[in-house]
Amino acid sequence: MLIKSPHDIPSDEITPEKIYLSRRQFMGAAGLFAAGSAVAQPAEKKLPSPPSSPSKTGNELEYLRSHAKSPAGFYTAEKQTPYKHATTYNNFYEFGTGKGDPARYAHEFNPSPWSVRIEGEAQHTGTYTLEDILKPHSLQERIYRLRCVEAWSMVIPWIGFPLGDLLRRFEPNSRAKYVHFTTVHAPKSMRGQRAIFGSIPWPYVEGLRMDEAMHPLTIMVVGMYGKIVPVQNGAPLRLIVPWKYGFKSIKSIVKIRFTEHRPQTTWERSAPREYGFYANVNPQVDHPRWSQASERRLPSSLFSPNRIPTQLFNGYAEQVASLYKGMDLRKFF
Ligand code: MTE
């Protein structure tokens, strides 16, 4: 992004890997649940009071209790990026700016126990354990394209649930126009947060307009490829907004705040001419330093760049274009 230009994955990393567990195998291996329904259950109306102490997430596999394919429109049949690439070629500046840094240093950070603070314009606020956050939600698999602003992309089978179902449980009030997300700040175990030069302000923050946050494509992720989401991909809880550049999909979330005014985001603050609040994938609006017309679908290499045209809203225009009706997408980039 601001600091590094995109690099090719070396050819020794492109050997395809058989990593998928079938659903049956996954459930068996994890000692899990009976087959769940394909559609998320409506979220509970009332939240329990915030417990005083955060609880353990060691038994996270329990959360993958209903690993079901979502309805059409919520997954792509395009070839999936091998697990190895999706988990070793990452952007997670908290662990360093190199693509291999997050996987290399992820072991230094323990995402357990975990809790999420809910603040701002809502009926229910407070600190909730990860278990409280996840309890009422049926998990779904969503196979989405992920398009980074750096012009590479992947196809990843995520496991999660609609963000809107979670947000509704807190009963946001009429002043809640935006949702602001914050990543954990743990400089002792996240070496990127200790870096003095060449980094971004901490903690990493992101935001969505309320209607974007409530859109059924927007999900909270707890797993990928049938497994618990690894630390380098944002454990234990991250956002995925598939029609926006990847930097909107904030990792390792510890705070969600409902706000009346549009929050400033990390990349907007770091380089406002280059990274906007909306960050909708758009092949017609170039980054000031490179074209956004096409992307490298990973795995790719110097000899096999695997370049494909970029689609408006990353191919989700049918579902989301109406959110931006009448807006100048060049101005609100
Ligand atoms: N979230 C945090 N907290 N820190 C980051 O550096 N990088 C973003 C996003 N979320 C980032 C983050 C960017 S630029 C991208 S492209 C995606 O995470 C990458 O997600 P992935 O590593 O799971 O592919």
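Predicted model: local features only at pLDDT ≥ 70, side-chain atom pairs only at ≥ 80, totals over all residues.
**Exercise 1.** Classify the ring pair of Y278 and F332, and state which parts of the chain the pair links.

*Solution.* A pair of aromatic rings is described by the distance of the centres and the angle of the planes. For Y278 and F332, the centres lie 6.1 Å apart and the planes stand at 85°. Planes over 60 degrees apart count as edge-to-face, so the pair of Y278 and F332 is edge-to-face. Y278 belongs to the loop between α7 and β12, while F332 belongs to the segment after α8 (317-320). The two residues are 54 residues apart, and the pair links distant parts of the chain. With a relative accessible area of 7%, Y278 is buried.

**Exercise 2.** Identify the aromatic cluster that contains Y278 and F332, and find where the charged end of K248 sits.

*Solution.* Y278 and F332 form one aromatic cluster together with Y178, F277, F313 and Y324. The charged end of K248 sits over the ring of F277, at 4.2 Å from its centre.

**Exercise 3.** State how many aromatic pairs the structure holds, and classify the pair of F247 and Y275.

*Solution.* There are 16 aromatic pairs in the structure. In the pair of F247 and Y275, the ring centres are 5.6 Å apart and the planes lie at 75°, so this pair is edge-to-face. F247 is in the loop between β10 (238-240) and β11 (253-259), and Y275 is in the loop between α7 (266-270) and β12 (294-297). F247 counts as buried at 5% relative accessibility, and Y275 is buried at 0%.

How values were computed
Residues numbered from 1 in each chain as written. Heavy atoms only, no water. Phe/Tyr/Trp six-rings, centres within 6.5 Å; stacked < 30°, edge-to-face > 60°. Helix = DSSP H or I, 4+ residues; strand = E, 2+ residues; numbered from the N terminus. Buried < 20%, exposed > 50% of the residue type's maximum accessible area, 1.4 Å probe, protein only. Lys NZ or Arg CZ within 6 Å of the ring centre and 35° of its normal.
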